[in-house]
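Hi everyone, thanks for coming.

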Amino acid sequence: MMLSVPAAGVLLLLAWIHPGDGLYFHIGETEKKCFIEEIPDETMVIGKYRTQLWDKQTSSFLPSTPGLGMHVEIKDPDTKIILSRQYGSDGRFTFTSHTPGEHQICLHSNSTKMALFAGGKLRVHLDIQVGEHTNNYPEIAAKDKLTELQLRVRQLLDQVEQIQKEQNYQRYREERFRMTSESTNQRVLWWSIAQTLILIVTGIWQMKHLKSFFEAKKLV
Amino acid sequence: MLQLGLSCLLLLHVCVVFGTELSFELPDNDKQCFYEELEKDVKFDLDFQVIAGGNYDVDCFVTDPQNNILYNEKKKQYDSFSHTTTMKGEYKVCFSNEFSTFTHKVVYLDFRHGDEEPLLQSMTRSTALTQLESSCVAIHEILKVVADSQTWYRLREAHDRTKAEHLLERVTYWSIGETVLLFVIGIGQVMMLRSFFADKKGSVLAAT
């Protein structure tokens with residue numbers, strides 16, 4: 001196959017960026033859509049999106065709209081922002097988690113041109129891949145010069161590594177859950193004892209007070 | 001040499017596995033829809049679970065390109081739905097929290113369609129696999145099942161943990177509230193009784 005190097009490079013780049021039609025949804029102009037990914041630490045996440053704008057004239061979605069951008073904001077489990085960037089109408093964002101837990105990926109349109117949104121609908125194709133699904137095996141095969149069998153084994157190794165990370169994360173989650181349950185248990189226990197004491201003390205005080213009150217009033 | 005290398009790379013390039021898993025927040029009185037363009041005779045699987053919020057239930061319905069309802073369930077906590085498409089077009093999956101007035105829900109969605117793409121394009125040739133290769137394929141399938149099982153347990157654990165944290169919060173607020181209530185009632189009762197006997201000494205003595 002005789003291809004010029006730049007053409008091949010461009011084709012490869014396009015093929016790599018193009019998300020390969022995933023799930024899509026509609027988003028309003030100022031609307032912010034957030035997605036939660038619960039992942040273990042040191043896990044790579046690659047998100048690809050593609051936007052299409054509703055065109056009133058043709059009553060269909062345009063293939064792509066230049067000038068329309070999306071703002072991507074990613075927060076880690078401690079609600080600290082780890083990525084906050086503007087991308088074009090088609091974009092690809094990557095991040096690696098450093099703490100395990102729920103990461104929040106938020107997307108909203110940054111369009112200031114009201115005219116663009118006259119139709120009111122923006123279609124966003126989104127594809128989020130996590131962990132070993134982010135690996136590009138043909139690229140790995142070419143880079144490390146692996147045979148087919150070696151590549152299969154490499155895929156198995158990546159899968160097992162991801163499973164191991166998930167198991168470590170599960171251990172950490174179970175500890176948190178146990179702490180919450182023990183905290184609840186303690187609070188219920190102390191509260192029951194305190195409540196009994198308060199009731200007894202209040203009862204005794206009430207009786208004493210009323211007795212002295214009635215004696216003072218010469219009714220008893 | 002570089003040309004050959006690049007063209008090989010192009011030949012080997014394959015799209016990622018077709019499937020999306022997402023967790024999203026569904027505010028109260030809201031409906032969220034996801035769409036997917038599918039070909040004819042494609043098998044798709046839909047899994048959803050409610051991880052947080054209220055009674056942990058949500059309404060879900062799936063429609064085909066001609067707006068026929070393929071699946072419609074109300075107030076489900078988790079479910080699985082499989083279907084083979086009979087026509088090409090846009091399929092819609094919607095989640096509705098319109099029955100809830102103030103609790104927002106967090107829903108996990110897993111939408112898989114089609115078959116898994118091979119690692120390399122050259123792997124689609126139909127020559128028989130060697131024993132080693134078929135062992136690798138078997139292990140790969142089993143590991144996928146393990147990963148799915150882990151996802152299931154992770155979601156159940158998130159659900160239980162949310163419930164436990166909610167319970168802790170409620171116990172704390174109830175304890176504080178009840179302490180205040182006890183003191184108010186204890187002192188209030190005594191005050192009220194005192195007020196009954198305050199200026200009626202004359203009439204009580206007259207009655208007896």
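Some ground rules. This is a predicted model, where local features need pLDDT of at least 70 and side-chain atom pairs count only at pLDDT 80 or more, while totals for chains, interfaces and linings use all residues. Residues are numbered from 1 along each chain as its sequence is written, chains are lettered from A and ligands numbered from 1 in the order in which they are written, and side-chain values use heavy atoms, leaving out hydrogens and water.

Okay, chain A. It has three helices and nine strands; helices (H or I, at least four residues) and strands (E, at least two) are DSSP runs, numbered from the N terminus. Reading from that end, the order is α-β-β-β-β-β-β-β-β-β-α-α. Of its 220 residues, 42% count as buried, and buried means under 20% relative accessible area, with exposed over 50% and partly exposed in between (1.4 Å probe, protein chains only).

UniProt, in an unreviewed entry, puts a "transmembrane region" at residues 188-207 of chain A. Its positions are given in the numbering used here, feature names are shortened, and annotations may be inferred rather than shown by experiment. In the model that stretch is 100% helix and 0% strand, with its end C-alpha atoms 28 Å apart.

Let's stay with a helix for one residue: A:Leu156, in helix H3 of chain A. Buried or exposed? At 11% relative accessibility, A:Leu156 counts as buried. Leaving aside neighbours within four places in sequence, A:Leu156 is in contact (heavy atoms within 4.5 Å) with B:Cys136, B:Ile139, B:His140 and B:Leu143.

Now the sheet. It's an open one of eight strands, in the order S6(A)-S5(A)-S8(A)-S2(A)-S1(B)-S8(B)-S3(B)-S6(B), with antiparallel pairing; two strands pair if DSSP finds at least two bridges between them. The edges are S6 (81-87) of chain A and S6 (78-84) of chain B, each pairing on one side only. Within chain B, S1 (residues 19-26) and S8 (residues 105-113) pair over eight bridges, and B:Glu21 stands opposite B:Asp110 in S8(B).

Over in chain B, which strand is largely enclosed by the rest of the structure? That's S4 (residues 58-63), because six of its six residues are buried. In a regular strand the side chains alternate between the two faces of the sheet. Here B:Val58, B:Cys60 and B:Val62 point one way, and B:Asp59, B:Phe61 and B:Thr63 the other. S4(B) pairs antiparallel with S5 (residues 69-76) of chain B over five bridges, with B:Val62 opposite B:Tyr71. S4(B) also pairs antiparallel with S7 (residues 89-96) of chain B, over five bridges, and there B:Phe61 faces B:Cys94.

Last stop, the second largest pocket, at about 800 Å³. On a 1 Å grid over the protein atoms alone, a pocket is an open set of points where a 1.4 Å probe fits, with protein on both sides within 12 Å along at least five of seven lines, and lining residues have an atom within 4 Å of a point. Grid points are joined across faces, edges and corners, and the volume is the space filled by probe spheres set on the points. Of the 38 lining residues, the closest to the centre are A:Glu102, B:Ala52, B:Arg161, B:Thr162 and B:Glu165. The largest share of the lining, eleven residues, comes from H2(B).
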